Amino acid sequence: MPVIPQSKPYRIGRSKTGLGLFATQPIKKGTKIIRYFGPLLDSKKADEDAIENKYLFELDKRWTIDGSIRENVARYINHSCKPNAESDVKPRKKKIFIRAIKNIEPGEEINYDYGTDYFKAYLKPIGCKCDACEKKRAKKKAEARAERAQVKAKDVRKAEKKAKKKAEKLVKDKAKQRPKARAQSGEAARGKAKTRRPAAGNRGRTKSTPAKTQTSRAKAA
Ligand SMILES: [Zn+2]
């Protein structure tokens with residue numbers, strides 16, 4: 001790994017996808033953090049145009065920076081769809097700087113958006129692992145889980161309703177078969193309820209209202 005002077009506000013460290021560049025000091029929004037550099041490739045020279053690696057950074061139609069060299073510490077900066085830095089491309093000067101677009105705290109990983117072409121070629125096929133995308137995926141998963149739970153609950157309710165209906169129908173059908181027995185038992189039940197009511201009332205009431213219970217019992221009598 002390349003040695004980074006202590007005066008620099010970053011260090012190379014472990015990130016989710018391998019190595020990354022992390023702030024070691026607060027970096028203010030708008031600050032140039034690091035230069036992305038390497039040999040200039042000329043697309044007009046066939047042999048240079050044939051070079052292929054993940055660290056190629058296009059300056060314009062003709063010039064590309066090959067950032068794969070060891071000394072280019074900026075190549076450790078990972079992509080993010082919701083970054084805290086950006087690449088500031090100066091085609092005329094043939095230079096690229098990585099600049100903070102947010103205040104970055106010590107310990108925070110430095111990220112910039114690699115752009116659509118890179119994303120399509122390298123990240124989309126394996127799924128972007130940036131925080132923003134991970135969060136999105138987690139949210140989608142949670143939503144799918146919630147939906148599945150909802151569907152399940154609905155099914156349970158439906159099954160319960162069905163079972164209840166079935167039970168009710170069974171009772172009804174039984175009653176239809178013996179209409180006389182039902183009338184009798186119904187009367188018996190009502191009679192029982194009448195005699196039981198004052199006692200139940202007594203149990204439920206507090207000791208301070210015995211008079212009321214008595215009058216209501218008298219009325220009932
Ligand atoms: Zn992403």
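View 1. With 17 C-beta neighbours inside 10 Å, E58 counts as partly exposed. By the cut-offs used here, a residue is buried if 20 or more other C-beta atoms lie within 10 Å of its own, exposed if 12 or fewer, and partly exposed in between, with C-beta atoms placed from the backbone. E58 belongs to strand 5. Strands (E, at least two residues) and helices (H or I, at least four) are DSSP runs, numbered from the N terminus. In space, E58 and P91 are 8.9 Å apart, C-alpha to C-alpha, although 33 residues apart in sequence. A word on the source: this is a predicted model, in which local features need pLDDT of at least 70 and side-chain atom pairs count only at pLDDT 80 or more, while totals for chains, interfaces and linings use all residues. Residues are numbered from 1 along each chain as its sequence is written.

View 2. Strand 4 is joined to strand 6 (residues 63-66) by 3 bridges, and D42 has W63 as its bridge partner in strand 6. Two strands pair if DSSP finds at least two bridges between them.

**View 3. The loop between strand 8 and strand 9.** Both R92 and K94 sit in this loop, which runs between strand 8 (85-90) and strand 9 (95-100). R92 counts as exposed, with 7 C-beta neighbours inside 10 Å. The C-alpha atoms of R92 and D60 are separated by 9.0 Å, the two residues being 32 apart along the chain. K94 is partly exposed, with 14 other C-beta atoms within 10 Å. Take a look at the backbone of K94, too: its phi is near 55°, a positive value in a residue other than glycine. Most residues other than glycine have a negative phi.

**View 4. The hairpin of strands 1 and 2.** Strand 1 (residues 10-15) and strand 2 (residues 18-23) run antiparallel and are joined by 6 bridges. A hairpin connects strand 1 to strand 2 through 2 residues. Within this pair, R11 has F22 as its bridge partner in strand 2.

**View 5. The largest nonpolar core.** This core has 22 residues, and those with the most contacts inside it are Y10, I33, Y36, I77, I98 and I110. Two or more residues each come from strand 2, strand 3 (32-36) and strand 9. A nonpolar core is a set of buried Ala, Val, Leu, Ile, Met, Phe, Trp, Tyr and Cys residues joined through C-beta atoms within 7 Å. Not counting residues up to four places away in sequence, Y36 touches F57, I65, G67, N72, A74, S87, I96 and I98; contact means C-beta atoms, placed from the backbone, within 7 Å.

**View 6. Helix 3, largely in the open.** Helix 3 (residues 131-177) has 47 residues and spans 68 Å from its first C-alpha to its last, close to the 69 Å expected at 1.5 Å a residue. Of its 47 residues, the number buried is 0, so helix 3 lies largely in the open. The expected span is 1.5 Å times one less than the number of residues.

Notes
Contact = placed C-beta atoms within 7 Å.
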